[in-house]
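Me: Could you walk me through this one? I'm new to it, so please go slowly.

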Amino acid sequence: MGSTSDWETMRHAADLLGELGIAHEANVVSAHRTPQRLYDYAGSAAARGLKVIIAGAGGAAHLPGMAAALTHLPVLGVPVESKALKGVDSLYSIVQMPAGIPVGTLAIGKAGAKNAALLAAAILALADPDLSARLQAWRAAQTDGVANDPA
């Protein structure tokens, strides 16, 4: 995430990854304030065994795009809700990547963070039958948790 204030949103991705038994790390890596940290982090991600990067950022939201430019790994961008423009600025900054450097962009805020975790899990599950089973069980439980009656 781009700053510690983004944790309020991004913890939902971390919680869901943990629930699914997916090893993960959470770091503050700012494209603007810690550019060398970003270069080091994204540039070494594949060599360190990472398979997918979930990058959450608000405002100018350069973190997901810059991370994608520095690695061949899939990068999933989560627009963090901003005070001034309610996250629309973050969304536009992430979703409008130029051709050639893709970033999978999710919804603004908590829903986007959770869906980023689920999308990362689905990507990882392609090569991990045990994770695929856990993800299918999670989705089945979600379905089973929807009531038939509104009362």
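Reply: We can take a helix, then a loop residue, then a pocket. This is a predicted model, in which local features need pLDDT of at least 70, side-chain atom pairs count only at pLDDT 80 or more, and totals for chains, interfaces and linings use all residues. Residues are numbered from 1 along each chain as its sequence is written, and side-chain values use heavy atoms, with hydrogens and water left out.

Me: ok, which residues of helix H4 are buried?

Reply: In H4, residues 88-95, they are Asp89, Ser90 and Ile94, where buried means under 20% relative accessible area and exposed over 50%, with partly exposed in between (1.4 Å probe, protein chains only). Helices (H or I, at least four residues) and strands (E, at least two) are DSSP runs, numbered from the N terminus.

Me: and where do they sit around the axis of H4?

Reply: Viewed down that axis, the buried residues of H4 fall within an arc of 125°, so they line one face of the helix; the arc is that of the directions from the helix axis to the C-beta atoms.

Me: switching topic, is histidine 72 buried or exposed?

Reply: Histidine 72 counts as exposed because its relative accessibility is 67%, and its place is the loop between H3 and E2.

Me: how far is its C-alpha atom from that of isoleucine 101?

Reply: The two C-alpha atoms are separated by 9.3 Å, although histidine 72 and isoleucine 101 are 29 residues apart along the chain.

Me: last one, which element gives the most to the lining of the largest pocket?

Reply: That is H1, with 5 residues.
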